[in-house]
Amino acid sequence: MKIEPICKPQSAVWEPAVQQKAFRQLMNAFAFPGSLETLLPEVQERENNLLRLILATLTDGAVTVADPHHMIDDHDWSKLETNRETPEKARFIVARGDTAPIFSPALGSLECPEMGATVILNVTYIGRGEALVMRGPGIQSEKVIACSGLTPAWLNKRSEWNGAFPLGVDMILFDTARVIAIPRTTRIKIKEGQSWDM
């Protein structure tokens, strides 16, 4: 008797139509820093891997990715078809928000500021925790967003890296279902002594 191989269903995140929808949501998040985006909840309900969706949407074989905290599994590396690089040289860096950075990412140059890295940080929860106050383009007056699982060391380093605008880094924070984008033009301070539920 011939036994047919069991084929694992193809993950939806690798489908172009899904990535196009996620891309529009991520661009909206960058246009309105601090605004919460729930990326394709119908896909997340099945996949339960938001990082995979973000990377499948933003990266391809022409960019480099660093994973200093080993958050990307081998299967996803092979599907992404991107190139691994050190955090100092990568265009995209995936890292844990609760662990202080011990590297200096690419900040771009005056001729090519867009070559600054995008840091994709996994935090515990967006909408509960330390209150972050954001100001800058795309924000009317100020935006307060709560976040837990983000060590202040990331914000200190971000301030240092973005000190010579237009050089710097952009950030995406994500939890199990939601993302916020923080472009380098956004100024952030921690609302001292305040912890919020949103």
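Visitor: In S9, which residue is the bridge partner of Thr38?

Guide: Arg178 is the one, in this predicted model.

Visitor: What makes S1 and S9 a pair?

Guide: Two strands count as paired if DSSP finds at least two bridges between them. S1 and S9 have two bridges, in the antiparallel sense, so by that cut-off they pair.

Visitor: And how do you know that S8 and S9 pair?

Guide: Again the cut-off is at least two bridges, and here four bridges join the antiparallel strands. A hairpin of three residues links S8 to S9.

Visitor: Why is S9 called largely enclosed?

Guide: Buried means under 20% relative accessible area. Five of the five residues of S9 are buried, so the rest of the structure largely encloses the strand. Both faces are covered: Arg178, Ile180 and Ile182 are buried on one side, Val179 and Ala181 on the other.

Visitor: Now for H1. How do you know that its length agrees with what a helix should span?

Guide: H1 has 16 residues, 16–31, and at 1.5 Å a residue they should span 22 Å. Its end C-alpha atoms are 22 Å apart, which agrees.

Visitor: Which residues of H1 are called buried?

Guide: Val18, Gln19, Ala22, Gln25, Leu26 and Ala29.

Visitor: What makes them line one face of the helix?

Guide: Looking down the axis of H1, the buried residues fall within an arc of 125°, so they line one face.

Visitor: What do the buried residues of H1 pack against?

Guide: Strands S1, S8 and S9, along with helices H2 and H3.

Visitor: Stepping back, how many helices and strands are there in the protein?

Guide: Five helices and ten strands.

Visitor: What share of the 198 residues counts as buried?

Guide: That would be 47%. As for the surface, the protein exposes about 10600 Å², with carbon and sulfur atoms supplying 52% of it.

Notes:
Residues numbered from 1 in each chain as written. Predicted model: local features only at pLDDT ≥ 70, side-chain atom pairs only at ≥ 80, totals over all residues. Heavy atoms only, no water. Expected span 1.5 Å × (residues − 1). Buried < 20%, exposed > 50% of the residue type's maximum accessible area, 1.4 Å probe, protein only. Arc of directions from axis to C-beta. Contact = heavy atoms within 4.5 Å. Areas by Shrake-Rupley, 256 points an atom, 1.4 Å probe, with all protein chains shown as cover.
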